[in-house]
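Biologist: Please take me closely through the side-chain contacts in this model, one place at a time, and give the cut-off behind each term as it comes up.

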Amino acid sequence: AEAAESIVRDRFGSAGEECVPDRITYNSLISAHARNQPEPQPEKARSVLQRMRELSATDPDAGIGPDVRSYNALMNAYSRAGDAAAALSILHDELPQAGLKGDAVSYTTALGACNATGDWATALQVLREAEDIGGLALGTLAYSKVIGALASGGQWHDACKVLSRISECALPFNPRVVNLALGACADVEAD
């Protein structure tokens with residue numbers, strides 16, 4: 001992430017008016033902070049998003065204000081850092097405050113945060129919320145995140161129900177999602 005910051009600072013900062021960073025540049029920078037190794041840097045990602053807001057307020061026609069991808073990248077940073085509460089706050093509070101609606105990536109990222117922390121109850125709630133939104137097409141990955149959270153919590157029955165929903169939605173199965181559901185059932189004692 002530091003290398004990405006350096007590129008933005010060195011290349012765009014010295015190139016003059018003909019070469020200015022745009023929304024894609026800033027979204028890439030937020031994503032770089034999310035994927036930083038060995039630890040994600042959500043606060044640095046947030047500062048980039050804040051910079052976008054400030055630049056947009058100064059020049060609304062520049063098209064540099066945060067969009068849903070910006071917020072998704074920020075949610076990813078918090079999710080990777082294990083802060084599900086912050087990721088969910090972005091989905092439920094910050095996106096609406098910005099006049100934006102979460103998309104399938106937003107909900108999948110929020111579900112990933114729930115999976116990372118084992119918060120199966122919130123994962124089910126977020127899944128229901130996403131499924132209730134008309135026109136939002138979740139993919140197998142979103143359902144696998146819920147199954148993973150359910151498996152962590154020993155909720156094998158609900159994991160099997162979510163696995164069935166993948167079939168009902170005519171989504172493709174993959175070995176990972178099936179293995180997650182099998183893992184949820186593995187700890188169940190035989191009656």
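Modeller: I will begin with Glu-131, which at 31% relative accessibility counts as partly exposed; in this scheme buried means under 20% relative accessible area, exposed over 50%, and partly exposed in between, with a 1.4 Å probe and protein chains only. The model is a predicted one, in which local features need pLDDT of at least 70 and side-chain atom pairs count only at pLDDT 80 or more, while totals for chains, interfaces and linings use all residues. Residues are numbered from 1 along each chain as its sequence is written, and side-chain values use heavy atoms, with hydrogens and water left out.

The side chain of Glu-131 meets that of Arg-165 in a salt bridge, at 2.5 Å from N to O. Glu-131 lies in helix 7 (residues 120–132) and Arg-165 in helix 9 (residues 156–168), so this pair ties together parts that are 34 residues apart in sequence. A salt bridge here is a side-chain nitrogen of Lys or Arg within 4 Å of a carboxyl oxygen of Asp or Glu, and helices (H or I, at least four residues), like strands (E, at least two), are DSSP runs numbered from the N terminus. Searching the whole structure gives five salt bridges.

Another of these pairs is Arg-46 with Glu-94, whose closest N and O atoms are 2.8 Å apart. Because Arg-46 lies in helix 3 and Glu-94 in helix 5 (residues 84–97), the pair ties together parts that are 48 residues apart in sequence. Arg-46 is partly exposed, at a relative accessible area of 23%, whereas Glu-94, at 14%, is buried.

Asp-67 also forms a salt bridge, here with Arg-23, and the closest N and O atoms are 3.9 Å apart. This pair links distant parts of the chain, 44 residues apart, with Asp-67 in the loop between helix 3 (42–58) and helix 4 (68–80) and Arg-23 in helix 2 (residues 23–34). Asp-67 counts as buried, at 12% relative accessibility, and Arg-23 is partly exposed, at 28%. A network of salt bridges links Arg-23 and Asp-67 with Arg-69.

Ser-70, in helix 4, has 0% relative accessibility and counts as buried. Its side chain is joined to that of Asn-27 by a polar contact of 2.5 Å, a polar contact being a pair of N or O atoms within 3.5 Å; within protein, one must be able to donate a hydrogen and the other to accept it, and residues adjacent in sequence count only if both atoms are side-chain atoms. Leaving aside neighbours within four places in sequence, Ser-70 is in contact with Asn-27, Ile-30, Leu-49 and Met-52, where contact means heavy atoms within 4.5 Å.

Ile-30 leads on to the nonpolar side chains. The largest nonpolar core has 50 residues, of which Ile-30, Val-146, Ile-147 and Val-162 touch the most other members; such a core is a set of buried Ala, Val, Leu, Ile, Met, Phe, Trp, Tyr and Cys residues joined through side-chain atoms within 4.5 Å. Not counting residues up to four places away in sequence, Ile-30 touches Ala-45, Val-48, Leu-49, Met-52, Ser-70, Ala-73 and Leu-74.

Asp-103 sits in the loop between helix 5 and helix 6 (104–117) and is partly exposed, at a relative accessible area of 26%. With neighbours within four places in sequence left aside, Asp-103 is in contact with Val-68, Asn-72 and Leu-136. The side chain of Asp-103 makes a polar contact of 3.1 Å with the side chain of Asn-72, and a polar atom of the Asp-103 side chain lies 2.9 Å from the backbone nitrogen of Ser-106.

The structure holds zero disulfides, a disulfide being a pair of cysteine sulfur atoms within 2.5 Å. Cys-169 counts as partly exposed, at 40% relative accessibility. Cys-185 is in no disulfide, and the nearest cysteine sulfur, that of Cys-160, is 3.6 Å away; Cys-185 too counts as partly exposed, at 27% relative accessibility.
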